[in-house]
Structure formats: C-alpha cells, structure tokens
Amino acid sequence: MTEKLILKAENKKDNEYNAVFISSRTHKKLKELSKRSGIPMKKLADKMLDFAADNLILEESDDGNNPE
C-alpha cells in the first residue's frame with residue numbers, strides 16, 4: 001500500500017515569502033494546490049518535501065556509482 005500525504009485545508013494567509021527554485025510545471029501545480037487548500041505555498045512545499053524525504057527510496061545509478 002502506498003502512503004498518502006494528507007493535508008488539512010487552512011483559511012490563513014502567509015505574507016512571508018522565500019525563494020524556491022522549481023520547474024514552471026511544478027510551480028503551477030503547487031500554486032493550484034495552495035489555492036485549493038488555503039495552505040500557503042511555502043508551508044505546502046515544506047510539508048510535501050518533508051513527506052517525500054521521509055518516504056524516499058534512493059536506488060543506485062545504472063552504473064552503480066553515486067556522487068560522494
């Protein structure tokens with residue numbers, strides 16, 4: 001069974017912004033999720049990245065070498 005990221009919608013605005021460098025496609029998805037949930041983009045990105053990091057499986061590269 002695949003674990004799901006469950007978020008609770010919020011009715012708060014966050015006036016603090018920090019730069020995050022992501023693709024335009026991912027930014028668009030994040031912005032839409034933020035609008036739908038009421039969760040500020042910064043907080044939403046934090047929650048999503050924390051979840052991904054906690055549930056990540058890192059596999060070796062095809063040649064078996066990983067960066068040091």
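How many helices and how many strands does the chain have? With the whole chain selected in this predicted model, you will find 2 helices and 0 strands. Of the 68 residues in the chain, 10% are buried.

Next, select residues 24–37, which form helix 1, together with residues 41–54, which form helix 2; the two pack at an angle of about 110 degrees, and their axes lie 9 Å apart. Because an angle from 65 to 115 degrees counts as roughly perpendicular, helix 1 and helix 2 are described as roughly perpendicular to each other. Their crossing is right-handed.

Now show side chains where the helices touch, selecting His27, Leu30, Lys31, Leu33 and Ser34 on helix 1, which meet Met41, Leu44, Ala45 and Met48 on helix 2. Sorted by class, this contact between helix 1 and helix 2 holds 6 nonpolar, 2 polar and 1 charged residues.

Finally, centre the view on alanine 45, which is found in helix 2. Is this alanine 45 buried or exposed? Its relative accessible area is 13%, and alanine 45 is therefore buried, the cut-off for buried being under 20%. To finish, draw a distance from the C-alpha atom of alanine 45 to that of leucine 30: the two residues are 15 apart along the chain, and these atoms are separated by 7.3 Å.

Terms used. Residues are numbered from 1 along each chain as its sequence is written. This is a predicted model: local features need pLDDT of at least 70, side-chain atom pairs count only at pLDDT 80 or more; totals for chains, interfaces and linings use all residues. Side-chain values use heavy atoms; hydrogens and water are left out. Axes are lines fitted to C-alpha atoms, for helices over the stretch in contact, and angles run from 0 to 180 degrees between N-to-C directions. Helices (H or I, at least four residues) and strands (E, at least two) are DSSP runs, numbered from the N terminus. Angles under 35 degrees count as roughly parallel, over 145 as roughly antiparallel, 65 to 115 as roughly perpendicular and the rest as oblique. A crossing is left-handed if the near helix is turned anticlockwise from the far one by less than a right angle, and right-handed if clockwise. Contact means heavy atoms within 4.5 Å. Ala, Val, Leu, Ile, Met, Phe, Trp, Tyr, Cys and Pro count as nonpolar, Asp, Glu, Lys and Arg as charged, and the others, Gly among them, as polar. Buried means under 20% relative accessible area, exposed over 50%, partly exposed in between (1.4 Å probe, protein chains only).
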